[in-house]
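Subject: Structure handover

Hi,

Here is the structure I promised to pass on.

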Amino acid sequence: LKLSNPMVNLHVFGKNCPEHWRHLLFKQWLTTHPDDLANYAAIKQLAKHNVKTTQDYNLKKQSLARTIYQKIFTSLIGD
């Protein structure tokens with residue numbers, strides 16, 4: 001769900017949706033890994049410039065987000 005004023009991009013998930021759990025894992029990881037949090041905050045600030053769509057914004061963050069997810073999943077299941 002999106003609003004333009006104020007600018008909001010709200011994620012809504014159904015009960016037991018895997019995507020919801022993935023988002024929660026990401027949030028939890030960032031709260032316990034300050035270096036990744038700082039890097040993600042910085043890339044979000046850079047990503048918001050000169051984009052027209054949410055997809056463009058997400059593409060700018062994609063590489064770092066995937067790196068963080070790799071760390072999360074490796075920590076859960078090992079190498």
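First, a word on how elements are named: helices (H or I, at least four residues) and strands (E, at least two) are DSSP runs, numbered from the N terminus. Read that way, the protein chain follows the pattern β-β-α-α-α along the sequence, with three helices and two strands. The C-alpha trace spans about 40 × 30 × 20 Å along its principal axes.

Two housekeeping points. This is a predicted model, where local features need pLDDT of at least 70 and side-chain atom pairs count only at pLDDT 80 or more, while totals for chains, interfaces and linings use all residues. Residues are numbered from 1 along each chain as its sequence is written, and side-chain values use heavy atoms, with hydrogens and water left out.

Now the helices. Axes are lines fitted to C-alpha atoms, for helices over the stretch in contact, and angles run from 0 to 180 degrees between N-to-C directions. I call angles under 35 degrees roughly parallel, over 145 roughly antiparallel, 65 to 115 roughly perpendicular and the rest oblique.

H1 (residues 18-32) and H2 (residues 34-47) pack at about 110°, with their axes 5 Å apart, so they are roughly perpendicular to each other. In contact (heavy atoms within 4.5 Å) are Phe26, Trp29, Leu30 and Thr32 of H1 with Pro34, Asp36, Leu37 and Tyr40 of H2. By class, that contact has six nonpolar residues, one polar and one charged. For the classes, Ala, Val, Leu, Ile, Met, Phe, Trp, Tyr, Cys and Pro count as nonpolar, Asp, Glu, Lys and Arg as charged, and the others, Gly among them, as polar.

H2 and H3 cross at roughly 170°, and their axes come within 8 Å; they are therefore roughly antiparallel. On the H2 side the contact uses Asp36, Asn39, Tyr40, Ile43, Lys44, Leu46 and Ala47, and on the H3 side Tyr57, Lys60, Lys61, Leu64, Ile68 and Lys71. Its residues divide into seven nonpolar, one polar and five charged.

H1 and H3 pack at about 90° with axes 10 Å apart, and are therefore roughly perpendicular. H1 residues including Arg22, His23 and Trp29 meet H3 residues including Ala65, Tyr69 and Phe73. This contact has 10 nonpolar, two polar and two charged residues.

Last, the largest pocket. A pocket here is an open set of points on a 1 Å grid over the protein atoms alone, where a 1.4 Å probe fits, with protein on both sides within 12 Å along at least five of seven lines; lining residues have an atom within 4 Å of a point. The largest pocket holds about 840 Å³ of space, a volume being the space filled by probe spheres set on the points. Of its 27 lining residues, Asn9, His11, Tyr57, Asn58 and Lys61 are the closest to its centre. H3 (54-77) gives the most to the lining, with eight residues.

Cheers
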